[in-house]
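Work through the two exercises below with the sequence and the model at hand, and try each task before you read its solution.

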Amino acid sequence: MSHTQQLYINAACRIGNNQAWKDGQLFFEQAGVPGDEFMVGLYRKLNLQYPKWYKMDRLSKLGVLAAEIVLGMGVNLNCQPGEKAIVLANSHSSLDTDARFVSQMEEIPSPAVFVYTLPNIVSGEISIRHCFKGEQAFFVSSRPDMEFLYSYVRAIFADGRTRVCLMGWADILGEQFNATLYRVSADSDDSVHSMEFNTQNLYQYFYHEQGAVS
Amino acid sequence: MNREQLVEDLKQQIIEQLNLQVKPEEIVAGDPLFNEGLGLDSIDALELIVLMQQKYRIKLANAEEGPKVFQSIDTMADYIIAHQPAANK
């Protein structure tokens with residue numbers, strides 16, 4: 001595939017401010033509750049039936065929920081596991097879990113917490129759930145750098161081995177959380193929600209609520 | 001704490017420590033904890049070791065005993081009773 005070949009955002013979701021959006025529609029909302037309770041509410045709304053979810057750290061829980069919205073719910077990606085890539089980024093790395101682990105150091109810290117003290121574990125959890133065995137990358141940057149993510153995703157498609165890529169932002173620290181994920185492929189899939197894969201659309205969806213991009 | 005109470009306590013502790021989505025009454029004390037039973041994994045096994053140490057003050061003397069001790073709630077209870085500090089007996 002050449003660098004100039006058209007790519008599309010086939011689906012997108014945004015989770016934050018106790019709301020979950022699927023493409024342009026508000027999918028779930030639970031105002032006035034702690035983030036953990038909101039995530040359990042969203043898990044139930046998605047009817048996930050995935051007990052392992054309860055054992056994950058909060059970043060992985062958030063990422064798996066967001067991934068479920070753009071990859072689950074009856075979506076057929078129609079490609080091999082090795083053709084499915086994940087490119088994620090955030091600004092707080094695994095700090096939310098790191099802090100929890102450090103707080104346990106006075107006694108015996110939990111091995112189950114320790115295994116989540118890396119940010120890219122969320123990519124692994126999504127991969128296990130959705131059978132992704134292609135390219136993987138996780139970046140930490142102070143702000144969402146969609147230009148960089150766009151270029152990176154373009155590059156892995158150009159390599160010719162990737163047919164679908166889950167990409168975006170998954171960040172959590174305390175009560176502040178935001179997951180904005182996009183499903184990208186070369187297939188326009190005739191969906192009304194399908195849009196051209198470019199930095200403007202990435203930013204526009206990311207900052208939609210704030211109205212920062214017209 | 002008698003053996004029956006210990007078994008119930010272990011069920012509750014394991015559910016809390018491992019974030020299991022089951023109720024204590026759904027766990028059969030003699031059922032396997034790993035694979036076909038509760039479906040625990042290797043990280044859960046480490047959590048069980050920590051649980052034994054933190055809650056019951058019992059350290060596994062020999063790591064090779066692990067598979068036998070953590071076979072079921074029943075075997076865990078037996079091990080705790082056999083090895084608990086004298087003051088707790």
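Two strands pair if DSSP finds at least two bridges between them, where strands (E, at least two residues) and helices (H or I, at least four residues) are DSSP runs numbered from the N terminus. This is a predicted model, in which local features need pLDDT of at least 70, side-chain atom pairs count only at pLDDT 80 or more, and totals for chains, interfaces and linings use all residues. Residues are numbered from 1 along each chain as its sequence is written, chains are lettered from A in the order in which they are written, and side-chain values use heavy atoms, without hydrogens and water.

**Exercise 1.** Determine which strands pair with strand β6 (residues 164–173) of chain A, and in which sense.

*Solution.* Begin with strand β4 (residues 84–90) of chain A, which pairs with β6(A) in the parallel sense over 6 bridges; here A:Ala89 stands opposite A:Trp169. Next, strand β7 (residues 176–185) of chain A pairs with β6(A) in the antiparallel sense over 10 bridges, with A:Cys165 opposite A:Val184 of β7(A). Finally, β6(A) and β7(A) form a hairpin with 2 residues between them, and A:Gly174 in the turn has a positive phi of about 60 degrees.

**Exercise 2.** Find which residues of helix α2 (residues 42–56) of chain B meet helix α4 (residues 73–83) of chain B.

*Solution.* Looking for contact (heavy atoms within 4.5 Å), one finds that B:Leu48, B:Met52 and B:Tyr56 in α2(B) meet B:Met76, B:Tyr79 and B:Ile80 in α4(B).

Technical notes: Axes are lines fitted to C-alpha atoms, for helices over the stretch in contact, and angles run from 0 to 180 degrees between N-to-C directions.
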